[in-house]
Amino acid sequence: RLYRTGDWGYMLSDGSLEICGRVDTMVKIRGYSIEVQAVESCLLSLPMVKACVVLVCGEEGEDKYMVAYIVSERETTRKEVRAELKKRLPFFMIPSYFIFLQSIPVVAATGKLDKAALPSINSQTDMVGAEGRPSTVTEVALAEIWIEVLQLKEVDIQESFFDLGGHSLMATELLLRAKRKFNINLAVRDLFLYPTVASLAKFIDSCLANNAEGSDGQKSKEDILEPQVDLLAEVQRHDQGVMNMDMQLRAFWRTFHHGHHFNRGRVLLTGATGFLGAFILKELLLHTKLVVYCLVRELPQRSALDRISDTLRQYGIISVDRSLENEEQGLIEDALHSRTTALKGNISLMRLGLSEEDYTYLCTDIDFVIHSAASVNLAYPYSALHGPNVMGTANVIQFASSGKVKALHYISTDGVFPHGLKDCKEREDITKYADRLTDGYCQSKWVAEQLVSRARDRGLPVTIYRLGNLAGDSKNAYWNPQDFTLLVLQACAKTGLAPNVDWNMEFTPVDFVANVVVTLTQNPNSVLGKTLHIVNDKPMKARKVFQWMNGHGYPLHFVPFDEWKTRVLEELSSTNGSSVPSPELMAGVLDTYISHANFLSNLSTFNNDCLQKILTDLDMLYPYTDARLLQTYFTELSKRGVLSQRKISQPLLDRVAIVTGASSGIGQAIALALASAGAKVALAARRTDLLQETVKVIKEDGGEALGVQTDVTDRAQMKVLVSHVESLLGPVDILVNNAGVMYYTLMKNLHEDEWDRQIDVNCKGVLNGIGAVLDGMLKRGRGHIVNITSDAGRKPFPGLAVYSGTKYFVEAVSGALRQEIAGSGVKVTCVQPGDVKTSLATASTDKEARAAYDGSGRYQVLEPRNVADAIVYAVSQPQHVAINEILIEPREAPI
């Protein structure tokens with residue numbers, strides 16, 4: 001074992017001195033600042049290295065590289081040395097060449113390193129060795145691409161692209177070049193699955209061979225089986241086993257008797273440059289007195305503290321211009337510089353990528369850990385995420401268990417449960433789901449959580465937080481730009497299209513999650529040892545969100561999911577890359593993750609009873625999604641250009657409208673649409689409970705509405721309705737006679753009661769409505785009567801003889817009335833829908849008639865909103881424009 005004694009020299013364990021020569025302390029290679037002595041020290045810590053010296057060669061700029069001259073302790077190889085270094089050093093600190101010597105040459109007269117006596121570099125043998133050189137045509141071609149993209153001298157065909165410094169942008173470039181060379185489409189996922197020249201070459205050869213078989217035997221790239229991951233074996237491989245922490249654990253729990261330091265001590269936070277991590281850091285700086293250590297990966301030209309500051313600015317936590325910051329931002333900015341220490345490190349490496357001195361110091365100085373760091377990419381395989389998510393968590397557990405015991409607050413995900421489950425419990429054993437997880441992110445987080453759970457079983461004080469989908473913060477709507485829900489909202493706003501899917505749109509404001517986590521770290525007695533679901537257990541239906549958008553300046557049309565996906569990608573691609581969201585990002589998510597509607601309709605649901613009890617004890621409430629939160633999100637996102645802002649039009653502002661039959665179906669949709677256009681709406685129907693639900697929705701959206709129980713067949717009740725509305729909202733400007741009934745019935749079957757009911761509601765009800773408002777409208781010289789008739793009022797349909805007759809009646813009355821009052825300022829419009837998705841036809845008792853003539857199940861029928869939009873269009877026209885009739889039908893069922 002060697003020990004450094006100064007700028008040049010190492011002391012052997014027997015006390016003798018071996019001179020190795022002075023090295024430059026700091027050098028820039030590939031944009032990274034590297035302390036060469038740290039590389040030497042790491043090499044000397046390896047059991048197979050007896051002595052070494054590391055030199056920097058090459059010209060200034062991109063050509064600089066490191067060469068390690070090694071005297072080995074035992075027989076070893078370059079590959080073994082590199083493998084050990086990859087556990088301890090980031091890729092940019094690993095020497096490019098390794099040369100083995102019998103001894104380090106020194107100048108006898110001075111005792112300094114004799115550089116002239118060092119052997120020259122042979123790029124073939126000193127970098128890759130015989131086993132690492134390409135041998136096949138495909139390997140040779142790929143190696144050339146590797147060298148060009150990664151800007152290396154040589155490449156070992158057994159080395160991972162990502163271990164050599166490759167990242168997603170480089171991966172895209174590499175795959176483009178490979179496509180041009182081999183005429184094969186490769187995805188980044190393929191590169192993660194086959195990350196070496198050797199493995200990718202075999203994969204490409206296999207694909208080309210399959211394609212060469214011809215159409216009868218041809219297989220697609222996707223038909224070639226991916227490597228399978230045994231998650232239980234992965235847990236066993238990375239589990240650190242039994243740790244003797246008895247005395248340290250006693251000391252930890254004794255702090256609760258003498259006063260713990262969780263509210264004024266020191267915390268290690270990982271993931272501070274991530275979305276959630278930034279808001280956790282905000283909470284720590286704003287609401288505690290803790291000293292915060294943030295572990296941050298180094299990037300070229302940016303210090304660790306710069307990276308944290310950039311992230312806080314990105315999410316509006318501190319201001320870009322300090323002269324414009326508010327009081328809260330100023331407090332955070334000051335605390336960032338006075339109570340925050342940014343540490344250059346990497347959770348995927350041994351000792352978290354820190355020096356031995358720093359790591360040992362932190363092991364005894366830190367009081368608790370919040371482990372928020374993770375690589376989140378739903379399209380990547382397990383192998384791509386294993387390092388940060390699995391190895392990183394294992395290293396954090398080791399840190400929390402070393403020196404003094406430190407409480408660990410671990411951020412997990414609800415993705416550790418497979419899809420299709422109901423009411424997943426916080427205390428549920430998830431080991432049974434090991435073989436049911438399909439994407440790499442969920443697999444890696446499942447393994448990581450299992451490691452944390454095992455450490456908890458051995459006594460480590462742990463809290464696990466399983467998170468659902470994180471939305472923007474509840475004040476300013478700063479959102480993770482790669483979040484799928486945000487991408488869908490952006491695509492809908494951009495294209496005017498919404499997917500017709502049964503999707504529980506579950507999201508929780510990120511600032512609430514951060515607040516909960518930090519608050520609970522300050523109340524360890526209530527949470528240590530627990531697993532909590534910070535998941536919205538009452539998600540909002542996506543259709544309701546889209547309907548809200550439709551009424552607030554983002555007009556949307558519903559289309560089937562597959563059509564929506566195709567049209568969204570086509571429209572985004574036509575914007576030449578300037579679209580929000582980017583077509584590449586949207587395509588990546590839709591093609592590799594959310595490929596079909598069933599995925600969204602089969603999401604698991606979650607129980608969070610344990611969390612709710614803790615929130616109640618802390619006088620906190622879960623922020624369920626409502627109209628107010630949606631208003632905040634869309635307003636703030638539009639201001640910053642994150643959503644395509646559309647002009648919010650309210651052409652009916654302050655107009656008063658009455659809608660009959662407004663408790664459900666078309667009437668409900670009409671009331672909502674009129675309210676969104678600015679009208680004050682009175683909803684009339686017999687079911688007051690349903691009316692009040694719609695009134696509540698309108699009021700939550702900022703509109704004005706009231707519900708009045710009314711039977712349209714009763715003339716007196718209709719007059720009372722109009723009088724009541726005018727006393728509360730003002731003179732009636734619009735009446736929509738929507739109340740109606742429809743029964744399929746064969747005349748020969750003599751369903752006479754149903755005949756009478758249709759005549760009473762459809763004919764007398766319309767007359768009662770007209771009679772109640774006409775006099776007032778004529779006296780004021782303005783008004784609009786809209787009668788909902790039907791395409792059956794233009795063409796009689798078998799099985800609907802009486803119904804057709806009632807609609808012909810309304811058409812005739814409307815036409816005659818229109819001519820009588822021409823010039824009065826009052827308009828009359830007939831809206832004639834075809835089949836609409838409502839419960840209207842289900843009331844029919846004549847099964848024979850319905851079976852024979854109800855053909856609505858053979859094609860896609862209208863949505864109630866389609867009819868409502870037509871009415872808003874008609875009543876929004878200028879005073880001199882009259883829309884007398886609107887025939888609106890399903891495309892596949894014209895009359």
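This is a predicted model: local features need pLDDT of at least 70, side-chain atom pairs count only at pLDDT 80 or more; totals for chains, interfaces and linings use all residues.

Modeller: Residues are numbered from 1 along each chain as its sequence is written, and side-chain values use heavy atoms, with hydrogens and water left out.

Colleague: How many helices and strands are there in the chain?

Modeller: Helices (H or I, at least four residues) and strands (E, at least two) are DSSP runs, numbered from the N terminus. The C-alpha trace spans about 120 × 75 × 50 Å along its principal axes. The chain holds 30 helices and 28 strands.

Colleague: What percentage of the 895 residues in the chain is buried?

Modeller: Buried means under 20% relative accessible area, exposed over 50% and partly exposed in between, with a 1.4 Å probe and protein chains only. Of the 895 residues, the buried share is 53%.

Colleague: Among contacts with a separation of 6 or more, what share comes from residues 24 or more positions apart?

Modeller: Contact means heavy atoms within 4.5 Å. For the contacts with a separation of 6 or more, residues 24 or more positions apart account for 72%.

Colleague: Which residues have the most contacts inside the largest nonpolar core?

Modeller: A nonpolar core is a set of buried Ala, Val, Leu, Ile, Met, Phe, Trp, Tyr and Cys residues joined through side-chain atoms within 4.5 Å. A second, separate core has 44 residues, including C492, A493, M549 and L556. The largest core has 96 residues, and those with the most contacts inside it are L281 and I534.

Colleague: Is S412 buried or exposed, and which side chain does the side chain of S412 join in a polar contact?

Modeller: S412 is placed in strand β13 (residues 407-413). Because its relative accessible area is 4%, S412 is buried. Not counting residues up to four places away in sequence, S412 touches K445, E449, I464, Y465, R466 and L467. A polar contact is a pair of N or O atoms within 3.5 Å (within protein, one must be able to donate a hydrogen and the other to accept it, and residues adjacent in sequence count only if both atoms are side-chain atoms), and at 2.6 Å the side chain of S412 is joined to that of E449.

Colleague: With which side chain does the side chain of T138 make a polar contact?

Modeller: T138 belongs to helix α4 (residues 137-150), and T138 is buried because its relative accessible area is 9%. Leaving aside neighbours within four places in sequence, T138 is in contact with F182, A201, I204 and D205. The polar contact, at 2.7 Å, is with the side chain of D205.

Colleague: Which side chain is joined to that of D365 by a polar contact?

Modeller: D365 lies in helix α13 (residues 356-365) and is buried because its relative accessible area is 17%. Residues up to four places away in sequence aside, D365 touches R266, Y293 and K404. The polar contact, 2.8 Å in length, is with the side chain of R266.

Colleague: How are α24 and α30 oriented to each other?

Modeller: Axes are lines fitted to C-alpha atoms, for helices over the stretch in contact, and angles run from 0 to 180 degrees between N-to-C directions. Helix α24 (residues 665-676) and helix α30 (residues 864-875) pack at about 45°, their axes being 8 Å apart, and the contact includes G665 and I666 of α24 and P864 and R865 of α30. Angles under 35 degrees count as roughly parallel, over 145 as roughly antiparallel, 65 to 115 as roughly perpendicular and the rest as oblique. The two helices, α24 and α30, are therefore oblique.

Colleague: What is the handedness of the crossing in which α14 passes α15?

Modeller: The axes of helix α14 (residues 382-401) and helix α15 (residues 440-457) come within 8 Å and cross at roughly 15°, which makes α14 roughly parallel to α15. A crossing is left-handed if the near helix is turned anticlockwise from the far one by less than a right angle, and right-handed if clockwise. The crossing of α14 and α15 is right-handed.
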